Every structure is written in C-alpha cells, then in structure tokens.
Amino acid sequence: MSEHAQLLRIATAGSVDDGKSTLIGRLLYDSKGIFEDQLASIEATSAKRGDEYTDLALLTDGLRSEREQGITIDVAYRYFSSPRRKFIIADTPGHVQYTRNMVTGASTADVAIILVDARKGVLEQTRRHAFLSALLGIPRLVVAVNKMDLVDYDEATYEAIRSEFTDFAAKLEVHDVTFVPLSALKGDNVVDRTDSMPWYTGPALLDHLENVHIASDRNLTDVRFPVQYVIRPQRADGLDHRSFAGTVAGGIMKVDDEVVVMPSGRQSTIKAIWGPGGAELDEAAAPAAVTIALNDEIDIVRGEMIARPGNRPHQGTELEAMVCWFADDSALTPNKRYVVKHTTRDTKAIVTGLEYRLDINSLHRDPDSTELGLNEIGRIGLRTQTPLMYDPYRRNRDTGAFILVDELTGNTVGAGMIIGPATTGSNVVWHAGAVQRGDRGQGRTLWLTGLSGSGKSTVASEVERLLIESGHPAYILDGDNLRHGLNADLGFSAEDRAENIRRTAEVAALFADAGVVVICSLISPMRADRDKARSVHVAADLPFTEVFVDTPLAECEARDPKGLYAKARAGEIPEFTGVSAPYEPPLTPDLHIRPEDGTAEEVAQRIVSSILGI
Amino acid sequence: MTTRTAVTLSHLDALEAESVHIFREVAAQFERPGMLFSGGKDSVVMFHLARKAFWPAPMPFPLMHVDTGHNFDEVIEYRDKVVDETGVQLLVSYVQDDIDAGRVVEETGVGTSRNRLQTAALLRGIQENRFDAVFGGARRDEEKARAKERVFSFRDAFGAWDPRAQRPELWKLYNGNHRKGEHIRVFPLSNWTELDIWQYIEREDIDLPPIYYAHQREVIERDGMLLAKTRFLETLPGEEARTELVRFRTVGDATCTGCVESDAADNAAVVAEVAGTRVTERGATRADDRISEAGMEDRKKEGYF
C-alpha cells in the first residue's frame, strides 16, 4: 500500500447470528490482514471450544466476556489494507445495546455494510440498521446477502431480498445501495469472486469497497472553520505569531478569502494557512487540521466559527434535532438540562420539548411519548445558553452533530443531529391551526433542476397532468413565471439567484404543507441553493425530491426553444447558465433523467410512479 | 506555480490530521495534560505529531517516562538526546522507587519482568504530577483489548479501565469530563497501524533509537523468541548466547522484549519488511502478552495504558 492510499471508514451492522464477525474475519483473512500469531491464537481457542472449523469471529471479539459468551459487546475497530485503500472497520454489535453502538460506529463511516442472512431475508433488524444508517447520514449502503451457500446459491432468493430491501430503502434518504450475494464462511464474493454464483455479474465485496467513490461526500461548498485553539507563543526572541488552530469542517478555505467570525460578525481576510508543523498552504478542505492567520487583529476564542460573509451557518439558541438516547440510568425528558458539545463549543442547554418518539422498527411516530429511554430515538426542541453556529446535519455532519453530556456524571448520554432552527419558541410565534397536517393530503416537492432548454418545463407539465388525472392536487412553480410576480424585483446576480431559489423553496414548502404536490421547475444552478431548498423541507418534515434533468449543453443549445442560447452566445445576455455562468450538477440527485430515458410522457410517468407508487 | 493544498488527503495526511485534532482538543479541554514517552517508535511519532500540532509554539505539556530500570542503553541515550535538543520537560517515574519503598514486590526467578510493576509507577506519576489527561501511544491494531479502546478513555480514581462502561464516542466530539482524582487517557494514534507508523517515520524522516534497525547483537533464544543478552537477563542452564543480525519491532523492558532477525537497515527497508510480515509485532516480540489470552485486558483494568 502506498502512503498516498485513501482512507475508507466502514461501519458494519447485522443481527445476532448473521455472521458479521465472520465476514470481517474473512475480509481480513483473505486480504492477508490477519497475522499468523493471531490466527494460531484463534485456532487454539476454537479447538479448545470444540468448534468444527476455525471461528474467525474470535478475531474481533477481543474481551474476555465476549469470547466466553460468543457475542460482541462493544464496538471494536479493525484495520486492513489493499493496494488502493486503507480500511477502518467499526465492528458494532448486533444486539446488546444495538442502537447506541451502531450510532457510535456509524457516526464517522463513509460506507455501511448491512448483513442479511439469505435464509431469513429482510428482518426488522435489517430495516432498523438501514434506517439508522440513513439517519446518521452514511451516504452509501452495501447490503451483503450472506450465507448464500445455505440456500444453494439460489438467484431467486437473492433477488427477492434485493427487491424487498429496495422497496424499503425508497422510503429512506439513501440513494446509493449496492447488493452483493456472498458467503462469509466459504469466502464466496468476499475478497475473490466466486464461481458458485455465475448469475451475479457485480464485483466482490472488497472490490466494491476499493472502488466506491467517496470524494464527493465532503461538503466543499460551505466554508466552516470552528476555532479549536489559539496559538500565541510567548517567546523571549520576540516572535510575533497569532494564529487559530482547528479542523476544517466544510468548504475550501483559501488565502485572501474574505471571512466572517461568528458570533461577533467581524470581517477580515485570510493572511496565511499552515498545515501541521508550519507547511504553508494555499488552500485547505475538510478534514485537514490547519492553523490560519487573519489580516486584521480580531479577538477570537475557542468555540467561535469562521465562515464566508455571504455563506454563513445558522446561528441561534433555539433548534430542533433528532436525538438518540444512550443512558440506561436516566431518561431524556422535556425541561431537563444538559451540556451540549457542538464543534468546539460547550454550552448548557435545556430540552424544550419532545415532539415525538420514533419507533425505529415501524418508523411510526408517537407524539404522545413523554421521554426517551435507552437506545430510543426522538425529535426534540433544544434551547442553548449561548448561540450555536450550525448547519443541518444532512448538509454537514461536523457542524450538524452534537452530543449531550449529563451535568452531574459527565457521561455522554445522547447523540444529536440538527434538523434546523426551531419553528416555535422564538419571538416570531408559529401560528398553529386547528387542522393538522395528517388531516390534509400528503404534499411534497419535486424540484426539477437542469440547464435552460433541458426539458424541465415539458416534463413538469406532464407530471402535473398525470397527478391531476389521478386525483392528486398538484401545481407547477416555474422559475420564469415566478419572475413575473413574486420575484419580479430580482435580477440574475449570484445573490439574486440565491434569493429567487430561497423564496421559491419557502412557497413550495407552504404548498406541500397544504397537501399539494408542487413541481418546481428552475435552472437553480448552484448546489448550495438547492441544498438550502431541501433543508427548508427537511426542517418542516416535508418530502423533497431532487430531479436532475440531465440534458447535455450541446443538445440544449441545439434545441434553444426560447432563442436564449443564441442571444447569450452573441453576448446579449450576461451571466447565462452554461455559457457564461456555471452550472453545478447534483452529485446525488434523487432521480436522474437523461435524454435517452424516453419521451417527456414516459419520463413523467416514471417520476410519478417512483415518487407516489402509482 | 504549484498550489500547495490540503484538499486531497492521503491516508497518512488524514491520520495526521485526526491526531493533531486530538492533541489540540486535549490542550483546550484540560488543565494539566502529560505525555507518556518511552523512546519507542510510537511515542516518538506521537511526540513528533504533538509538536507539529502547536507549531510554532512549544508543545504545551511535559513528557513522562515510566522507567523500569531495565532499559536498552541506546533508548535512554536517545531519550536524553531528544530532551536536550528540543528543550521539552521530562519527568521520570522510577519503578525502582516503588520497589525500594515496598509499594510493590518484585517477582523473582527466570522469565519474570518488571512490566506489571510499571502500573504502580505510572499511577503514582499521574498522581504526583496531578495530570488530568495522559497521552499514550497505544494503537488499536496492536492487541485485541486495545481494539476496544476509546480515543478518550475514562479512568476512575484508581486509574482503572471498565470496558463494559465506556462512553460512546461519536464524530470528532471527545468528552473529557472527569471529577477530581479521575483522569482521561488519550490515544491519538488509535487508528494508526504498525505500517502507517513506519510509512510516516519514512515520510517525515524521524530519528529513532538505532536498535530499530538491523545490527549485530548477542541474543538468547527462548520459547521461540530472540531475547537480547543484557545485564538484566538471567540465563537458564543450557541457554547459549549467539550473535545474529537483528532489529527490534517494539521497545520496552529489556527482559521481555524480543528482537527479530532482519537485515532492514534503513526506513525504506523497514517499511518493506513490515508490509510483508505475517506476524504481529506483539506476537513476535512481547513475552508478557503471552501470559494469558486476556493479559492486556487484565492489565488495562488495573490501570495500565
């Protein structure tokens, strides 16, 4: 393995006897990650216990009580490498305190491997693990359909599991699911491809893990730098140095960038960026640990946040979050006080309300619950003593996560993922009506993005027609049309375009809340703006589907339905997307539409079926 | 012009960044941290990383060596040279002091070592220096009990580790809360493997004690392991010393740390050797880990790191 290899962090999940430890043992063994003395030790233990074969699970069960009971009690971390990557596996237990341990292992994972026993199929436990992976924002799942040797390597069994899981995953916010049929015990399709399943044409598990693309997972858009430590040497030789140390949590920081320090709001520019030990850098992105110096003398302390003046995180003391409760000796209840650790800031906080407790088996929300016990998950309101500078967890795992610490014991009792600012509790009081959302129809927003001339409007009107015909209230918000009224005061500068999207997203959320399927058709060229549109919906708990109408520029230009490209090329339209202004395609759209997918009617039908199941 | 960037991180850059983040988090959260330093490769890399984390300021904590008295001379020379060159403060907690004061009793006989006695000297050093956080260079890949260890490991007033009551540790959020008398052990190298350590030593051109590289040495073979013939090692009847070309993979108490036959004389050769080895460093060279399958777990529960 070269020193330039990439690091991939994996979390594993599965229920008690579906062979998780065996799979990890197999991955390590077949990739030569188990050493001879380790193997000799587990062979001896297996023989002593009278096992018929060497129990590779013994490799990961490191504690005395684990080996005695043959179960995994706590998260263990394992390491192996291939020529291209170095892997860190968080081996999380399947049953005892499952949620707490899985959440721990999953918080830093790039990929989750969910094991399914081919004989048992998709179980409650499988659904629970998939849900937790989605909640923790792990961008990709691998479903390892294990024990294929025990079902005679039967393709139909595998396909049934694949189809059932795919249906379930459609309800979750996971976009990248890969299935691998394998036998951890026999080694089929783990490190090496097997001849036993000729019907499977995909890669072996390790091959997939080696090649899965993770670079796009990082948020490279929103500059976020929580100040961790101020470096100010006191030296006799009069060295004058003052810099701010921390780990980049988002965006790409560059020398000369204008920055704002929050919460003070003071602005400056970046004078220098240094890597560990003083290596001078021009730019840095997450998760680099750097120190930076600014061109102005600003008093900055640990816990403050450096961002870009035009792109700041939320700042506030009232927020809503999903929380997983870890304590077995106390429950989370409204009005209780905790210490919140968020980025580099610690502050006291009070739970203002428990909106619901989530049954993670049925995904049912219980709004009448009054507390969260061990391993339970719920949505809470939180008021902090000092403001937090944060993003929704969905947008940034580092600035959207926090832990709750018990003031008396100092123990970590909860893990939180921020949804967004509280919709209640601030000075502007949300007016709750007598009609509940459940009393109306299920509204949602379909957000069509793509270049001018890509066919968004045509697809949008077909979708609207199909929905109305099948009795679903639907309405189109078209970018051009909105600019005649609601957004008539806006131009085409970057700021105005962002505001255009912001207003449209807010209006869409109101429609969706009213029970309408709202189809937004806007070029919306910037990823950050579209993500904000999504977060407005996530915060309001409304479904949001990003549809990328991916027609190549050349084809859009050839179509040129409004003659705009010709004008843009002639220099008559400044800032035209695709010609003189950038377009950032979605990295992981919920739906990806290409010209070869068929006519507008066919595409519209596909969108409607995948969203509404009709 | 070339752009010097930290946008794409190699695995060594990522590991370095994670360790640096941990050092800074400890410096910010604790009153009196201290760093264990033995002169072994892991503590040398840890020390190197800590100095980089606070550049251009000096590292804001002292080193502490738990000295069994049974050291390799080359390692003590190296330790003292590092202290001279860097001006760092070094505190030493001697096992011999505990023996002289009757706080611990030395086992006698062939095959005994002072390794177990280190725990008392370590806990005494932590108490005397009023450390509230102590860095150790332990890695999770070394040993199965250590694979279960947190980066911030809570220790009670007796320095004990309770593997069944560990704090969950999520994201980059490390909980350093503790009461008076309790402390936190911190393991910034948790996610590094032996190969990562050597690749980093090669990349950063870090100076190590010479016994890590191939040299001629008088050894005694015992239980399949090559032990260095030193003034601390009692030989059994029939054991004959012979000279071999060897190097050490780990450096600890001279009575229980074995060496391996090797002709790897520089960092590149060691990286190649470690990449190809089929035996773990502890399996190859640590006699005390062979006492029982849960040897390390039991010692950690007593307060070992």
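Predicted model: local features only at pLDDT ≥ 70, side-chain atom pairs only at ≥ 80, totals over all residues.
Residues are numbered from 1 along each chain as its sequence is written, chains are lettered from A and ligands numbered from 1 in the order in which they are written, and side-chain values use heavy atoms, with hydrogens and water left out.

**Stop 1: the interface**

Keep both chains in view. About 6700 Å² is buried between chain A and chain B, and carbon and sulfur atoms give 55% of that area. Buried area is the accessible area (1.4 Å probe) that two parts lose on being put together, summed over both.

Now look for charges. Four salt bridges link chain A and chain B. The rule asks for a side-chain nitrogen of Lys or Arg within 4 Å of a carboxyl oxygen of Asp or Glu. Select Arg9(A) and Glu18(B): their side chains form a salt bridge at 2.9 Å, N to O.

Polar contacts come next. Between chain A and chain B there are 20 residue pairs in polar contact, with both residues at pLDDT 80 or more. Such a contact is a pair of N or O atoms within 3.5 Å; within protein, one must be able to donate a hydrogen and the other to accept it, and residues adjacent in sequence count only if both atoms are side-chain atoms.

**Stop 2: strands across the chains**

Helices (H or I, at least four residues) and strands (E, at least two) are DSSP runs, numbered from the N terminus. Two strands pair if DSSP finds at least two bridges between them. Ala284(A) has Ala6(B) as its bridge partner in E1(B).

**Stop 3: an aromatic pair**

Over all chains, the count is 22 aromatic pairs. Select Tyr229(A) and Phe54(B): this pair is edge-to-face, 5.3 Å centre to centre with 70° between the planes. Tyr229(A) lies in strand E8 (residues 229-231) of chain A and Phe54(B) in the loop between helix H2 (41-53) and strand E3 (63-67) of chain B, so the pair joins two chains. Rings of Phe, Tyr and Trp (its six-membered ring) pair if their centres lie within 6.5 Å; planes under 30 degrees apart count as stacked, over 60 as edge-to-face and the rest as tilted.

Stay in that loop between H2 and E3 of chain B, where Pro56(B) is also placed. A cis peptide bond joins Trp55(B) to Pro56(B), with omega about -5°.

**Stop 4: inside chain B**

Select Arg79(B) and Asp67(B). Their side chains meet in a salt bridge at 3.8 Å, N to O. Arg79(B) lies in helix H3 (residues 73-86) and Asp67(B) in strand E3, both of chain B, so the pair ties together parts twelve residues apart in sequence.

Move to strand E8 of chain B, residues 215-222. E8(B) pairs with strand E10 (residues 242-247) in the antiparallel sense over five bridges; Glu218(B) has Thr243(B) as its bridge partner there. E8(B) also pairs with strand E9 (residues 225-228), antiparallel over four bridges. Here, Val219(B) is bridged to Ala228(B). Which residue in the turn of the E8(B) and E9(B) hairpin has a positive phi? Select Asp223(B), with phi about 50°.

**Stop 5: two loops of chain A**

Select Met262(A) and Pro263(A), joined by a cis peptide bond with omega about 10°. Pro263(A) sits in the loop between strand E11 (258-262) and strand E12 (266-274). Finish at Asn189(A), not a glycine, yet with a positive phi of about 60°. Asn189(A) lies in the loop between strand E6 (176-181) and helix H7 (205-211).
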